[in-house]
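Here are my notes on the model. Please read them with the coordinates open.

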Amino acid sequence: MFSSKDFRFYVAWVCLFIFASLFFIIGIDHESIWFDESHTYAVMNHSFGEIINICAEDNHPPLNFIMAKVFVFIFGNNLLALRRK
């Protein structure tokens, strides 16, 4: 099915992916929340209509906050979901 060279290549990529994921998840909460993250969190706690009204008076695009609200709705409202970047 796979040659030994291909198998080692795929195993290396899987190990790299797992290591990078663990490194990212373990170190994600070692710093406090930055201003832009707290602003995003505060805005996405509003309804979709309120987000558009808030962004009309702000310089941030509303799609960023709408997508953040959808992301947090799917994955939960916690620090890991907030730091999705």
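**Notes on the predicted model**

1. Helix α2 (residues 35-44) packs against helix α4 (residues 62-75) at an angle of about 80°, with the axes 9 Å apart. That angle makes α2 roughly perpendicular to α4 (65 to 115 degrees). Axes are lines fitted to C-alpha atoms over the stretch in contact, and angles run from 0 to 180 degrees between N-to-C directions. On the α2 side, His39, Thr40, Val43 and Met44 meet Phe65, Ala68, Lys69 and Val72 of α4 (contact: heavy atoms within 4.5 Å).

2. This is a predicted model: local features need pLDDT of at least 70, side-chain atom pairs count only at pLDDT 80 or more, and totals for chains, interfaces and linings use all residues. Residues are numbered from 1 along each chain as its sequence is written, and side-chain values use heavy atoms, without hydrogens or water.

3. The chain has five helices and zero strands, in the order α-α-α-α-α from the N terminus. Helices are DSSP runs (H or I, at least four residues); strands are runs of E, at least two.

4. Of the 85 residues, 15% are buried (under 20% relative accessible area, 1.4 Å probe, protein chains only). The chain exposes about 6800 Å², with 71% supplied by carbon and sulfur atoms.

5. Val14, Phe17, Ile18, Leu22 and Ile26 form a nonpolar surface patch with about 540 Å² of accessible area together. Such patches take residues with over 30% relative accessible area and no salt bridge, nonpolar side chains being joined within 5 Å. Ile26 lies in helix α1 (residues 4-26). Ile26 counts as exposed because its relative accessibility is 65% (cut-off: over 50%).

Conventions: Areas by Shrake-Rupley, 256 points an atom, 1.4 Å probe, with all protein chains shown as cover. Patch = residues over 30% accessible without salt bridge, like charges linked within 9 Å, V, L, I, M, F, W, Y side chains within 5 Å. Salt bridge = Lys/Arg side-chain N within 4 Å of Asp/Glu carboxyl O. Parallel < 35°, antiparallel > 145°, perpendicular 65-115°, else oblique.
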